[in-house]
Amino acid sequence: MIDREAVRSNAKYLRNVRPIDPEEICEYIEGTPHPAVVRQTLREEAYDLRLVERDDGTFVPANDDPAPLESWTPTEFPEQYAFAFEDVLVGRRGVNWHRGDGGDELRETIRRLKEDYYRQNPVEYDGTAALGYGLYHLPDYYAAVGYVLDDLAETGHLPRVCRVLDVGAGTGGPALGLHDYLPDDALVDYHAVEPSASADILERMLEETGPNFRTTVHRETAEDFDARGVVDGADGDDADEFDIVLFANVLSELDDPESVVRKYLDVLADEGSVVALAPADLNTSVGLREVERAVAPPDGNVTVYSPTLRLWPGEAPSDRGWSFDRRDDIDAPSFQRRLDEAGEDDGTFLNETVQFSYSVLRTDGVRRREVTASVDRFAKMAEMDRHVTERIDLLAVKLSRNLAEDDDANPLYKVSDGSESVGHYAVLTKRDALNEELARADYGDVLAFENVLCLWNDDEEAYNLVVDDGTVVDRVA
């Protein structure tokens, strides 16, 4: 048994003098333990000591600067992760896992999972379901989380040294995306809560992460897990609270997602973020917005950081709230192609679409865009019935890509100011240099509309904001 406190003391002393070398420290520890034992001890203590391990095996103080904004545009699921997942498939079902009865069972499992999600049926993740889930969703979930982290990194609110709680971690797609998004010198204490058979796959996938990404998997339900016990430490010491609490594609599977989110807000660091993602389909996306609105009312202490900003103080939206982003496709990995080809399917099991809804919540009042509307300058969506057939000025968040189904139709975008009770859609009928920001702006950007025409759409029971050659659209902040 190594004297752990002696290792800590030596590390604390040397951290301000020179890189900490396990081969040097072992000389100062009673019993002269092997350097490999010292190195492992330092790895286990690294987060508390704020040390990162370098490629040469030495340890240096962690960089406390925020994580930078990355050029996150993945085009494929990294090979090392794809190989690791195929190792799981081969280990459980042999080299011909995609063929014969075993392949048929996996294909049928994925079909059933997709149907259960669509029908909002409860899903039980046994070993086969966990494999099917990973087969279909590892790549797109890996890609999606990085685009959401962009919102935090852009404003310097993504810590480089952070404690992460991944509630309902599944087979690890979001965890791997987080790992790859953060810089090489990041220091992460990652905790996953996953009670199902997916945890076995998750543990294997996490073996591919670097030494400065310390991982712990808790095989408990979100409702039963004692996050406060982790925060307070096993011996009662006051440890760091979580900088990121991640709910990736899990809220729709909880019996009471609002109470679960509130529970974990209690262990969120003062400057931390709750990051929630959901599939873009109607039920899960709207369900995400319902949770967001329940836990972040206008008079509460939880703020919507992004993307659905409340631009009017004291207001909150009550429309359906179906809003999602879509990014470039990610190439289907080899394991998806094998499964698809062996079943003689035509792309059924290739999941290349990266489309998702998300919400980022904070308790410090910070928002991605510190923009507020005023009655002396802008019309309010909550009062839009007063402005039908009028040209008005408006402040709104862009909350979709082009929704027009026909390529020849006028581009159509969902917009919101956080006060609306029915949907509002900006229609670009005549694009020019003064209004093209509507089309060019990113999802979540705040736009100022000048001289936009308000009309009521009976068919859609929504307001259309007509952007033509008489309208000016500018990106704000």
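## Asp 126

Asp 126 is placed in the loop that runs between helix 5 (100–119) and helix 6 (127–153). The model in which this residue is seen is a predicted one. The relative accessible area of Asp 126 is 44%, so the residue is classed as partly exposed; that class lies between the limits of 20% for buried and 50% for exposed.

The position of Asp 126 can also be described relative to Met 1. The two residues are separated by 125 residues in sequence, and their C-alpha atoms are 38 Å apart in space.

## Ser 196

Ser 196 also belongs to a loop, here the one between strand 4 (187–193) and helix 8 (198–206). Its relative accessibility is 17%, and Ser 196 therefore counts as buried, since the class requires a value under 20%.

The side chain of Ser 196 takes part in a polar contact with the side chain of Glu 194, at a distance of 2.6 Å.

## Val 230

Val 230 is part of a helix, namely helix 9, which spans residues 227–232. With a relative accessibility of 18%, Val 230 is counted as buried, because the value falls under the 20% limit.

## Overall form of the chain

In terms of secondary structure, the chain contains 13 helices and 16 strands. Along the principal axes, its C-alpha atoms fill a box of roughly 85 × 60 × 40 Å.

The radius of gyration of the chain is 25 Å; a compact globule of 477 residues would have a value near 23 Å, so the two agree. Of the contacts between residues at least 6 apart in sequence, 74% connect residues that are at least 24 apart.

## Burial, surface and charge

Of the 477 residues in the chain, 55% are buried. The accessible surface amounts to about 21000 Å², and carbon and sulfur atoms account for 42% of this area.

The chain carries 48 positive and 102 negative charges. The mean position of the positive charges and that of the negative charges are 2 Å apart.

Key: Residues numbered from 1 in each chain as written. Predicted model: local features only at pLDDT ≥ 70, side-chain atom pairs only at ≥ 80, totals over all residues. Heavy atoms only, no water. Helix = DSSP H or I, 4+ residues; strand = E, 2+ residues; numbered from the N terminus. Buried < 20%, exposed > 50% of the residue type's maximum accessible area, 1.4 Å probe, protein only. Polar contact = N/O pair within 3.5 Å; in protein donor to acceptor, adjacent residues only side chain to side chain. Rg over C-alpha atoms; globule rule 2.2 N^0.38 Å. Contact = heavy atoms within 4.5 Å. Areas by Shrake-Rupley, 256 points an atom, 1.4 Å probe, with all protein chains shown as cover. Lys, Arg positive; Asp, Glu negative; His and termini not counted. Charge placed at Lys NZ, Arg CZ, Asp CG, Glu CD.
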